[in-house]
Amino acid sequence: STVFLNGDYLPMEEARISPMDRGFLFGDGIYEVLPSYAGRMVGFDPHMERMSQGLSAVGIKLDWSRTRWKAVCDTLIERNGSGNLGLYLHVSRGADSRRFHAYPENVSPTVFAFTFEIPAEPVADKSRVKAFRVVTDRDLRWERCHIKSTALLGNVMHFQHGYQQGVDETLLFNEREELTEASACNAYIVKDGVVITPPLDQYKLPGITRYILLDLLRKDGQIPVQERTVTKAEVYAADEVWVTSSSKEVVPVIAVDGRPVGNGEVGDIWLQAQKIYSAGKF
Ligand code: PDD
């Protein structure tokens, strides 16, 4: 595939970065992942907004306009066949000849982007959706989870915890047994027809799918939405559980820690919510 690296488009096999890049040595970088279907990106503006917030939070100075990013994304999409593509955008602080913790003064950020194939657009169809089974784990990441940092070892270890048990995701809970999110998704429950998701703070990534979904649900007005604390007991007792992320959209969860969610089948509110998301996401 064709990738973008520091101003050039080149085959993936030819892309080279320095081993002194702080992205490599420290996980010192910010990234984004967004989907594109037949040349149309989902949530480009909010993804760009989150990236600039992340970059300024960690003091990486990159004076790129949104138009410039758009041109890179459009070029990569076109050169990689304009099908169902995930776009990975990465800005690390750059290469420094010393391994010194402080932010170096005179480095230029490394800008890297590539595409990867993703499944066709998710559909609101109970018989076609791949429902998830999940396990739970104590959230042991850091207190800056609102920053979409490339330092993902905490998330990777939580994902692996579930993967080793043969499930698709891991739901994370703080020391008070309150739901934060999943290892690579935001999380929700449905109880008595109400969609409930934990409020944003430094323990969750402000997911773009979450943002688009809550906005569309509120505009639609048929399903009530609450942002409030969700306990582990509430997750076990929920009628439905969902997780969201950019390329998966809204995913129904049918088992938590081996216990069925509700009647163990994909729920009706999920169907309605995914329909609303599919109709409004662009
Ligand atoms: N993961 N929470 C975490 C910890 C995530 O890593 C992600 C996304 C989300 C969902 O965010 P969004 O709706 O903006 O995709 C929530 C990406 C896709 C990844 O690391 O691959």
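The shell around the ligand divides into five nonpolar, seven polar and two charged residues; here Ala, Val, Leu, Ile, Met, Phe, Trp, Tyr, Cys and Pro count as nonpolar, Asp, Glu, Lys and Arg as charged, and the others, Gly among them, as polar. The model is a predicted one, in which local features need pLDDT of at least 70 and side-chain atom pairs count only at pLDDT 80 or more, while totals for chains, interfaces and linings use all residues. Residue numbers start from 1 along each chain as its sequence is written.

In total, 14 residues surround the ligand, and the closest are Leu 205, Gly 207, Ile 208, Thr 209 and Ser 246; a residue is near a molecule if its C-beta atom, placed from the backbone, lies within 6 Å of it. At least two residues of this shell come from each of α5 (208-220) and β13 (240-245), with α5 giving the most, three residues. Helices (H or I, at least four residues) and strands (E, at least two) are DSSP runs, numbered from the N terminus.

What of the chain as a whole? It is divided into domain 1 (2-117) and domain 2 (132-280), with bounds that come from an automatic or database domain assignment. The C-alpha centres of domain 1 and domain 2 lie 26 Å apart. Their contact takes 20 residues from domain 1 and 11 residues from domain 2, two residues being in contact if their C-beta atoms, placed from the backbone, lie within 7 Å. On the side of domain 1 that touches domain 2, β3 supplies the largest share, seven residues. By class, that side of domain 1 has nine nonpolar, nine polar and two charged residues.

The strand β3 also belongs to an open sheet of six strands, ordered β2-β1-β6-β5-β3-β4 with antiparallel pairing; strands pair if DSSP finds at least two bridges between them. At the edges are β2 (8-11) and β4 (40-41), each pairing on one side only. Between β3 and β5 there are nine antiparallel bridges, and Pro 35 has Gly 86 in β5 as its bridge partner.
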